Amino acid sequence: MSAGGGTKAIIAALVANAGIAAAKFTGFLITGSSSMLAESVHSLADTSNQGLLLLGQKTSQRAATRAHPFGFGRDRYFYSFIVALMLFSLGSVFALYEGIHKISEPEALKTPWVAVGILVVAIGLESFSFYTAIQESKKIKGDAGWWAFIRQAKTPELPVVLLEDAGALLGLVFALAGVGLSVVTGDPVWDGIGTVVIGLLLGVIAIILIIEMKSLLIGEGASEPDLDTIIDELAAGKVERVIHIRTLYIGPDEMLVAAKLALVPGLETGEVAQAIDDAEARVRAKVPTAKLIYLEPDLDRSLA
């Protein structure tokens with residue numbers, strides 16, 4: 001469900017951003033607004049980003065090989081990390097450069113109302129994309145707050161699209177404010193200031209995404225609630241306690257669980273095997289993402 005929901009949100013963002021990018025660039029050619037140019041590059045980068053997220057979903061489905069025995073699930077983390085880098089380089093850095101240039105060498109806007117009209121339409125399209133991302137995210141975020149969802153989500157696409165869309169909406173508002181203030185005051189410097197603010201906004205969002213995607217790419221374990229559930233399910237039946245446990249997400253929908261278990265003393269070989277199988281089944285029933293489970297019966301030396 002997380003992959004399907006992520007795909008729907010990505011496609012909605014892709015369609016919206018492609019149309020918005022074309023409209024904004026047309027507006028820049030007509031008006032000469034630096035805010036419009038920065039937003040054009042922003043939307044173009046976002047469109048490319050959605051393509052990369054879809055590519056990551058596709059390549060992550062490749063079958064495991066001898067060289068990659070755990071499969072390619074982390075491709076989704078890798079491409080999401082690339083998206084964050086592109087948002088920073090193509091979006092933030094370019095907007096800052098263009099904004100500073102227009103502040104130092106301001107140019108009067110031509111037919112600014114064209115830019116205003118395009119930005120208003122773009123806000124409507126971007127709102128649709130943002131609404132879709134919110135609705136799809138609600139299906140998997142549970143009771144967690146939005147910030148907690150972005151920080152803790154193991155599915156990278158939805159947090160990426162959410163932050164991209166939020167940044168795009170705020171960027172459009174700043175662009176509209178920059179163009180509007182330039183018209184009202186007759187001073188085109190405001191257009192450059194709006195562009196700089198857009199660059200700073202995109203920089204903050206990109207840094208947040210880079211930090212979160214880097215963490216997923218390096219490897220994160222189960223969340224605290226899931227880890228507690230796994231331990232509780234393992235320490236049942238003929239398992240006395242969990243001696244040692246490690247968990248690792250090898251993809252958004254696949255977790256590796258490795259543990260040493262102290263079993264009830266005196267079990268026969270067949271009973272030990274059955275106890276291990278039962279423990280695996282209990283964990284998979286409660287935490288479906290725990291697809292790879294390696295359990296080892298051992299002596300609890302801490303009690304010796």
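**Second largest pocket.** I began with the second largest pocket of this predicted model, and I found 15 residues lining it. Ser60, Gly73, Arg76, Pro252 and Asp253 lie nearest its centre. Its volume comes to about 180 Å³. I then looked up which elements contribute: helix H1 (2-31) and strand E1 (239-251) each supply at least two residues of the lining. By residue type, I noted five nonpolar, six polar and four charged. Where does this pocket sit relative to the domains? Domain 1 (2-218) and domain 2 (224-298) both give residues to the lining, so the second largest pocket lies between them.

**Largest pocket.** Next I turned to the largest pocket, with a volume of about 610 Å³. I saw that 23 residues line it, and that Ile140, Ala153, Lys154, Asp226 and Tyr249 are the closest to its centre. Helix H4 (112-141), H5 and helix H8 (224-234) each give two or more residues to this lining. I sorted the lining of the largest pocket into eleven nonpolar, six polar and six charged residues. The largest pocket also lies between domain 1 (2-218) and domain 2 (224-298), because both give residues to its lining.

**Phe149.** Is Phe149 buried or exposed? I have it at 5% relative accessibility, so it counts as buried. Leaving out residues up to four places away in sequence, I listed its contacts as Ser137, Ile140, Lys141, Ala144, Leu158, Pro159 and Leu162. Ile140 is a name I had already written down, among the residues closest to the centre of the largest pocket. I also checked a C-alpha to C-alpha distance: Phe149 and Val239 are 34 Å apart in space and 90 residues apart in sequence.

**Asn49.** I moved on to Asn49, which I placed in helix H2 (residues 34-59). With a relative accessible area of 0%, Asn49 is buried. Beyond residues up to four places away in sequence, Asn49 touches Val83, Met86, Leu87 and Glu164.

**UniProt record.** Last, I compared the unreviewed UniProt entry with the model. The entry lists residues 10-217 as "domain: Cation efflux protein transmembrane". Over residues 10-217 I read 83% helix and 0% strand, with the end C-alpha atoms 20 Å apart. Under "transmembrane region", the entry gives residues 77-97, 113-134, 160-183 and 189-211. I looked at two of these: residues 160-183 are 100% helix, with end C-alpha atoms 34 Å apart, and residues 189-211 are 100% helix, with end C-alpha atoms 33 Å apart.

Terms used. Residues are numbered from 1 along each chain as its sequence is written. This is a predicted model: local features need pLDDT of at least 70, side-chain atom pairs count only at pLDDT 80 or more; totals for chains, interfaces and linings use all residues. Side-chain values use heavy atoms; hydrogens and water are left out. Helices (H or I, at least four residues) and strands (E, at least two) are DSSP runs, numbered from the N terminus. Buried means under 20% relative accessible area, exposed over 50%, partly exposed in between (1.4 Å probe, protein chains only). Contact means heavy atoms within 4.5 Å. UniProt positions are given in the numbering used here, feature names are shortened, and annotations may be inferred rather than shown by experiment. On a 1 Å grid over the protein atoms alone, a cavity is a set of points where a 1.4 Å probe fits but cannot get out, and a pocket is an open set with protein on both sides within 12 Å along at least five of seven lines; lining residues have an atom within 4 Å of a point. Grid points are joined across faces, edges and corners, and a volume is the space filled by probe spheres set on the points. Ala, Val, Leu, Ile, Met, Phe, Trp, Tyr, Cys and Pro count as nonpolar, Asp, Glu, Lys and Arg as charged, and the others, Gly among them, as polar. Domain bounds come from an automatic or database domain assignment.
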